[in-house]
Amino acid sequence: MAIRKFTKSDLEACTELLITVYNREPWNEKWTKMTAGNHLTELIHRMRSFGYVFVDKTTIVGVLFGVERTFWSGEEVYVDEIFIHPSYQQKGIGKEMMRHLEVYCKENDLEDITLLTDKMVPAHVFYQKLGFKMSNKTVFMYKSC
């Protein structure tokens, strides 16, 4: 098993993996091949975007997409997506991918890693265990149209 940079030839496998992960508990979303493919394509075509895949033999079982951003306090990384195949969850792959991201940050003089997650899913606790803190100043809000 190894982590390597995402390539455009990985897009289809990453699309299928996104659907496998998010269309089941606890998310129960309704991704299609088209919407998932479009979502990932949009992420990878932004300035300063990057991605990594976690591969078991020849199968992609984990994905991380992010983007480098300029903030008033310095350069940072925003994690857009990180998802692991359900059969591989809770085996340290997500943790290994986040550690890989920390190395990437150090190598590229990036000061912070930022992300959004839902308090009602296991990822919230996962990020807390990795040392992420909840902001007392920021709140994520939404309104349906």
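Trainee: Is V21 buried or exposed?

Mentor: V21 counts as buried, because its relative accessibility is 2% and buried means under 20% relative accessible area, with exposed over 50% and partly exposed in between (1.4 Å probe, protein chains only). Keep in mind that this is a predicted model, where local features need pLDDT of at least 70, side-chain atom pairs count only at pLDDT 80 or more, and totals for chains, interfaces and linings use all residues. Residues are numbered from 1 along each chain as its sequence is written, and side-chain values use heavy atoms, with hydrogens and water left out.

Trainee: Where is V21 found?

Mentor: V21 is in helix α1. Helices here are DSSP runs of H or I with at least four residues, strands are runs of E with at least two, and both are numbered from the N terminus.

Trainee: And what does V21 touch?

Mentor: Not counting residues up to four places away in sequence, V21 touches W27, F83, I84, H85, P86 and Q89. Contact means heavy atoms within 4.5 Å. There's also a C-alpha distance to W31, ten residues apart from V21 along the chain: 9.8 Å.

Trainee: OK, how do α1 and α2 pack, at what angle?

Mentor: About 120°, with the axes of α1 (residues 11-22) and α2 (residues 33-44) 9 Å apart. That makes α1 oblique to α2. On the cut-offs, angles under 35 degrees are roughly parallel, over 145 roughly antiparallel, 65 to 115 roughly perpendicular, and the rest oblique. The axes are lines fitted to C-alpha atoms, for helices over the stretch in contact, and angles run from 0 to 180 degrees between N-to-C directions.

Trainee: Which residues make the contact?

Mentor: From α1 you have L11, E12, C14, T15, E16, L18 and I19, and from α2 K33, A36, G37, H39, L40 and T41. They divide into six nonpolar, four polar and three charged.

Trainee: Switching to the backbone: where is the cis peptide bond?

Mentor: It joins E25 and P26, with omega about 0°. P26 lies in the loop between α1 and α2.

Trainee: What about L115, what is it in contact with?

Mentor: Leaving aside neighbours within four places in sequence, L115 contacts Y78, V79, M98, Y127 and F132. L115 is in strand β5 (residues 112-115).

Trainee: Zooming out, how many helices and strands does the protein have?

Mentor: Four helices and five strands, in the order β-α-α-β-β-β-α-β-α along the sequence. Of the 145 residues, 38% count as buried.

Trainee: And what share of contacts comes from residues 24 or more positions apart?

Mentor: Among contacts with a separation of 6 or more, those residues account for 55%.

Key
Ala, Val, Leu, Ile, Met, Phe, Trp, Tyr, Cys and Pro count as nonpolar, Asp, Glu, Lys and Arg as charged, and the others, Gly among them, as polar.
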